[in-house]
Amino acid sequence: MSDYLEKIKEMVSKAGPFRIAAVIISGVLLLLLSCGNVFSKPDTGGESEMVPESAGPPANELTDYKEQMETQVKEILERVEGVGAVDVMITLKSSREKVTLKDNSAGGERSEEKSVLIEDEDHNTEPYIVQEVEPEIEGILVVCGGGADPGIQREIIAGISALFPVESHKIKVMKSKEAKK
């Protein structure tokens, strides 16, 4: 044991106090940097780097999406024989969801999951989006001239079921009052 102490004393005397201090300071800085990004600017939003997985789009985006789907269904159903004039109403169960890339880091007994952020040229950060999930459709109502005919109802329900992941009991086909009796 005394041999080791003698060797350490000899190395300290050869290196000098300035080099020893530089090595200690470098070690402390490396330790701090490995524990986390100490020198980054704090996030002014009051939250950490965790970003909600779904940030709902403005209401007009949802309305535009809903109207676009209604228009497409209406246009295709009006081309089907026996259906007649069509009105379509779609209700949405959820909004558009953005799925972010997550970085898992385990340290000791705890593990953290943070969203991976990207930075633009103006130093603004935003989560890295890996997938956008369209709003989920809750139900569909179709009002048409041929809505009283059970065969037409089955065809409309089958067609809508093929287009959207909506259960058949959430698709309602009705006869319009403008249709000839």
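**Strands, core and salt bridges**

Biologist: In what sense do β8 and β9 pair, and over how many bridges?
Modeller: β8 (137-144) and β9 (171-175) pair in the parallel sense, over five bridges. Strands and helices here are DSSP runs numbered from the N terminus, a strand (E) having at least two residues and a helix (H or I) at least four. Two strands count as paired if DSSP finds at least two bridges between them.

Biologist: Before we go on, what are the ground rules?
Modeller: This is a predicted model, with residues numbered from 1 along each chain as its sequence is written. Local features need pLDDT of at least 70, side-chain atom pairs count only at pLDDT 80 or more, totals for chains, interfaces and linings use all residues, and side-chain values use heavy atoms, with hydrogens and water left out.

Biologist: Which residue of β9 is the bridge partner of L141? And of C144?
Modeller: L141 has K172 as its bridge partner, and C144 has K175.

Biologist: What is the strand order in the sheet?
Modeller: β1-β8-β9, an open sheet of three strands with mixed pairing. β1 and β9 each have a single partner strand, so one side of each has no neighbour in the sheet. On average, neighbouring strands are turned by 15° against each other, direction ignored. Axes are lines fitted to C-alpha atoms, for helices over the stretch in contact, and angles run from 0 to 180 degrees between N-to-C directions.

Biologist: Where does α3 lie?
Modeller: Across β8 and β9, at about 145° to β9. β8, α3 and β9 form a right-handed β-α-β unit: with the strands pointing away from the viewer, the path from the first strand over the helix to the second runs clockwise.

Biologist: How many residues are in the largest nonpolar core?
Modeller: 19, and I140, V142, I156, I160 and F164 have the most contacts inside it. At least two residues each come from α2 (59-78), β1 (86-92), β8, α3 (150-163) and β9. Such a core is a set of buried Ala, Val, Leu, Ile, Met, Phe, Trp, Tyr and Cys residues joined through side-chain atoms within 4.5 Å. Buried means under 20% relative accessible area, exposed over 50%, partly exposed in between (1.4 Å probe, protein chains only).

Biologist: What does V142 touch?
Modeller: Not counting residues up to four places away in sequence, its contacts include L77, V86, I156, I160 and V173. Contact means heavy atoms within 4.5 Å.

Biologist: Is S176 buried or exposed?
Modeller: Buried, at 12% relative accessible area. S176 lies in the segment after β9 and, leaving aside neighbours within four places in sequence, is in contact with V143, C144 and G145.

Biologist: Now the charges. How many salt bridges?
Modeller: Four, taking a side-chain nitrogen of Lys or Arg within 4 Å of a carboxyl oxygen of Asp or Glu. One of them joins K66 and E70 at 3.5 Å between the closest N and O atoms. Both residues lie in α2, four residues apart; K66 is partly exposed at 27%, while E70 is buried at 14%.

Biologist: Which parts of the chain does the K170 and E138 pair link?
Modeller: The loop between α3 and β9, which holds K170, and strand β8, which holds E138, 32 residues apart. Their closest N and O atoms are 2.9 Å apart.

Biologist: And where do K93 and E136 lie?
Modeller: K93 is in the loop between β1 and β2 (97-100) and E136 in the loop between β7 (129-133) and β8, so their pair ties together parts 43 residues apart in sequence. The N to O distance is 3.8 Å. K93 is exposed at 52%, and E136 is partly exposed at 42%.
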